[in-house]
Amino acid sequence: MTDNKSNRHSSGNSGNRQSRKPSDNHKRDNVSRQRSPYAAYSGGGKSPDKKQTQPRASGASGKTGHTAKSRSGSTGGRPPGKANTSAKHTPPNPQSRPTRKKPENKKAALAKKIAAIMGTTLLSIFLVVVITGTIVATAMTVYVLEFMDETSDVTITELASSANTIVYANKGDKELVQLYTVKNDVQRVPVDIEDIPQHVRDAFVCVEDERFYSHEGVDYKRTFAAFANMFIHIYDTNQGGSTITQQLIKNLTGDDDPSPSRKIREIFRAMQFEKKYSKDVILENYLNYIGFGGPTNGIQLASIKYFGKDVADLSIAEAACLAAIPKSPETLNPFAGYEDEETGEWVNTGKEANRDRQETVLYHMYNNGAISYDQYKEALDEKLIFTDSEEYKKEHPEASADDMMDEQKATSWVVDTALREYAAVLMDEYGIDEEEAIKRINSGGYQIYTTVDLDMQKYVEEKYLDLSNLMDPDSNYSWDENDEKIYPQSSFMAMNYKGEIQCVVGGIGEKTESLAFNRATMAKRQPGSCMKPVSTYGLALFSDHIHWGSMYKDSPIKLDDGKEWPQNYDYIWTRSSIPIYDALRRSRNTVPAQLCKELTPQSVFNFSTQNLGMDLVDITEDGASDIAYAPLTIGALTYGVSIENLVNAFMPYGNGGTYYDAHIVSRVEKGDGSLVYENDGNPHEAVDKETAYVMNKLLQEVIKSGTGTAAQLSNKTVAGKTGTSEDWNDLCFVGMTEDFVSGVWIGYDTKTELNTSLSSAQVWYNIIGEYADSIESDNHYPECDDVISAPMCTSTGMIAGDGCPKGITGYWKSTNAPYCSNHYSSAPSKDDEDESSEDESSSEAESSSKPDESSVEIVDSDSSSESAPESSPESSNAE
């Protein structure tokens, strides 16, 4: 029984199939336990230096006696519940053998597991950091390389371009004259480093960048200090880390973004910059660039503004005063302050603030060895005399600080015109208003080259200084609503035959305001009969509707309401036939009215605007339009045109038919010489050469024996046209010579009737006549061999035959040159004379009836208060 039980028990023990004595088993078990307290968990309690020779049973778990015991509740191979009867063994002493506690073993295992997890985690983190660091380092390398590419193009030339916008003109053929440095938000007077005393340089270097001469563009010590101060606030205020080089670069580029990327760009730019330029060059440009309060920039201008002296004459104390300003120019400049709201008095705060900062500058100079202790004490005790002090004014009665600053006077008419012209280009390009465009020009460092003739400009400007140079003031004045005497104003424009403006003056008297209202380019006034050659007569001649001697009756046209219009300036309708040349010469209003009706207002409007660039109104919101009889016949326009626009329209009649846009700016460059704008006038053919030639001859007749005789010159051939608005509010004259075309407008700023005896042709002569006559040149009006020059038959207006009564020599286009066939070389018979008389009468009747036969609809007379034709003789008497 015992054996069977023992066998049964043994059969369940996979680690002990051989028959063993209980005592042996127990001994082995005890030995095993004594060697390793964790034997049950590590492979059956076998000694590590002995090999196990007993085979394992199939399906065994590899656990030996201890495992079996824990499962059956017995030890070794004993049956459960059976005590060990061997006398040799006693129960083991608990103190003499290891205690196997499962909870402790679990904790150890857990600790190992946690340690393994933590190790793996830390290793993973380490690898992630390494990989991430590599990626970041690579990205930073690429980023830095890109920054180096971006930051390698900063040059000193940008300083020059950002300093001054300059307007130039040619004097003679080669000499380039600087007309004006445009007064803008930034003013400076550049000075060479050699002219800046050493103590002045030291003042700025010691306080702004004391390691300037030792670093290579970046002061890392100061940069790190500034960075640390952002977090731990070592200093009471933000500590700047920029060197003089970095400050200059920031001003050159305008890159003031507060982001770290900007700082990185600035650092790399500074390092690249110092490779290109010496310390002296950098310091010179820095001192010429930095701000000293308000529009004052640069050490020279600051020296003049605050002390009334050249930078070369500054004392140490004065240099320190100026060096104190750039940290905060608007609060530390000596003239800073505010206006007391209650008293309205100016309260100066700048002198006290500047004094504190000045002492800091002097200490830095002394601490860096730039000045001795005695110089330091002397500078601290020196009393500064500023230009706003009474003491300074007493010492300098002959000049004020503003005079020494060479404060810029009002910009000239040329500069104003050039600025506004290029501003229009920027407005169109960027969709900005004129104010913004002018601001960009002023700060953009543009070099603007003009077409002006300086000699002519000076001559005309001197004429315009006093009204008496143009007309008699005693007979040309009026009264305003306050019963104060007022005088007429005037404007003048001249351009060559390529549209290049040679001279422009926008008003009478001394010009005292920059960008003042320019009556030559901005005032839109009525051109009167000056409109005729660029509207009705121009299209009719261009389209061969008329020729030199076409006969028209001096009679009005009839409107839809049956009223006759227009009235001539002398209030007389002769109702007799007159040739075209005579109608234009005498400025009759009736003939162009008939032409406008025959050609239609729309066709005339198109010719004036598209061919000759006239600035006319298609239609307004109120329904007013220049596509009407009065605007196109006698120049009673909806708004009017500028004298610039009017002169420009006449140009093709003096150059063979080519229209160029009027322009005063030929090209614009940046400070580095790169071209940003160029204007050649955009030429196009306005009329053919024959039309231009014949019209020029017609306009010469106006000067020879018409309304413009006062404009005659002895050495030049003048072709031109007078113009008077219907109410005598405006007088105009446009005159051409072989050298240029010019025009004048006269009138009151507030529309008031002029003296009716005033001649626009005479005013033109008074302004430019003598100058134009004195020009020595080989210029001439373009010839045209196709035009036929011949005597005109005074009876028919055609090219006279041998038997025709010959009058004036006329000029006919080859495409419209009718020969008179009504006369013979021998004396005609009575019948021939009667037949000729009947033919002439028929021709005259036909001519006079043309307007009435036209089917053109008459434009409603209410379409424009100024441009609508009126039936009253008093309302349509423009010349």
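How many helices and strands does the protein have? There are 30 helices and 24 strands. Before going on: this is a predicted model. Of its 879 residues, 48% count as buried. Now the contacts between residues at least 6 apart in sequence: 67% of them join residues at least 24 apart.

Let me start with helix packing. Two packed helices are described by the angle between their axes and the distance between the axes. Take helix 18, residues 413-430, and helix 19, residues 434-443. Their axes are 8 Å apart, and the packing angle is about 110°. Angles of 65 to 115 degrees count as roughly perpendicular, and helix 18 and helix 19 are therefore roughly perpendicular to each other. The crossing of helix 18 past helix 19 is right-handed. Which residues make the contact? From helix 18 we have L419, R420, Y422, A423, L426, M427 and Y430. Helix 19 brings E434, A437, I438, R440 and I441. By class, the contact of helix 18 with helix 19 has 9 nonpolar and 3 charged residues, and no polar ones.

Second pair. Helix 6 is residues 198-208, and helix 10 is residues 279-289. Here the axes come within 11 Å and cross at roughly 95°. Helix 6 and helix 10 are therefore roughly perpendicular to each other. On the helix 6 side, look at R201, F204, V205 and E208. They meet D280, L283, Y286 and L287 of helix 10. The contact of helix 6 with helix 10 divides into 5 nonpolar, no polar and 3 charged residues.

Stay with helices for one more: helix 24, residues 601-611. Which of its residues are buried? They are P601, V604, F605, F607, S608 and N611. An α-helix has 3.6 residues a turn, so residues three or four places apart point the same way. Keep that in mind when you look at the list. What do the buried residues of helix 24 pack against? Four helices come up by name: helix 21 (536-542), helix 23 (590-599), helix 25 (629-634) and helix 27 (652-655). Strand 16 (658-659) and strand 19 (684-685) are also partners.

T600 sits in the loop between helix 23 and helix 24. Its phi is positive, near 80°, and T600 is not a glycine. At 25% relative accessibility, T600 counts as partly exposed. After helix 24 comes G613, with a positive phi near 65°.

On to the aromatics. A search of the whole structure finds 21 aromatic pairs. A pair of aromatic rings is described by the distance of the centres and the angle of the planes. Y366 and Y376 are a stacked pair. The ring centres are 5.3 Å apart, with 15° between the planes. Y366 lies in helix 14 (residues 350-367) and Y376 in helix 15 (residues 373-381), so the pair ties together parts 10 residues apart in sequence. Are these two buried or partly exposed? Y366 is partly exposed, at 33% relative accessibility. Y376 is buried, with a relative accessible area of 15%.

Compare F650 and Y653. This pair is edge-to-face, at 6.5 Å centre to centre and 85° between the planes. F650 and Y653 are both buried. There is also an aromatic cluster, formed by Y306, F307, F335 and F386.

Next, the loop between strand 14 (564-565) and strand 15 (577-579). P566 lies in this loop. A cis peptide bond joins W565 and P566, with omega about 0°. Y571 is in the loop between strand 14 and strand 15 as well. Y571 is not a glycine, yet its phi is positive, about 65°. At 45% relative accessibility, Y571 counts as partly exposed.

Last stop: A410. Where is A410? It lies in the loop between helix 17 (401-404) and helix 18. A410 and E513 are 103 residues apart in sequence. In space, C-alpha to C-alpha, A410 and E513 are 4.9 Å apart. Leaving out residues up to four places away in sequence, A410 touches Y180, K511, T512, E513 and S514.

That is the tour. Questions are welcome.

How values were computed. Residues are numbered from 1 along each chain as its sequence is written. This is a predicted model: local features need pLDDT of at least 70, side-chain atom pairs count only at pLDDT 80 or more; totals for chains, interfaces and linings use all residues. Side-chain values use heavy atoms; hydrogens and water are left out. Axes are lines fitted to C-alpha atoms, for helices over the stretch in contact, and angles run from 0 to 180 degrees between N-to-C directions. Helices (H or I, at least four residues) and strands (E, at least two) are DSSP runs, numbered from the N terminus. Angles under 35 degrees count as roughly parallel, over 145 as roughly antiparallel, 65 to 115 as roughly perpendicular and the rest as oblique. A crossing is left-handed if the near helix is turned anticlockwise from the far one by less than a right angle, and right-handed if clockwise. Contact means heavy atoms within 4.5 Å. Ala, Val, Leu, Ile, Met, Phe, Trp, Tyr, Cys and Pro count as nonpolar, Asp, Glu, Lys and Arg as charged, and the others, Gly among them, as polar. Rings of Phe, Tyr and Trp (its six-membered ring) pair if their centres lie within 6.5 Å; planes under 30 degrees apart count as stacked, over 60 as edge-to-face and the rest as tilted. Buried means under 20% relative accessible area, exposed over 50%, partly exposed in between (1.4 Å probe, protein chains only).
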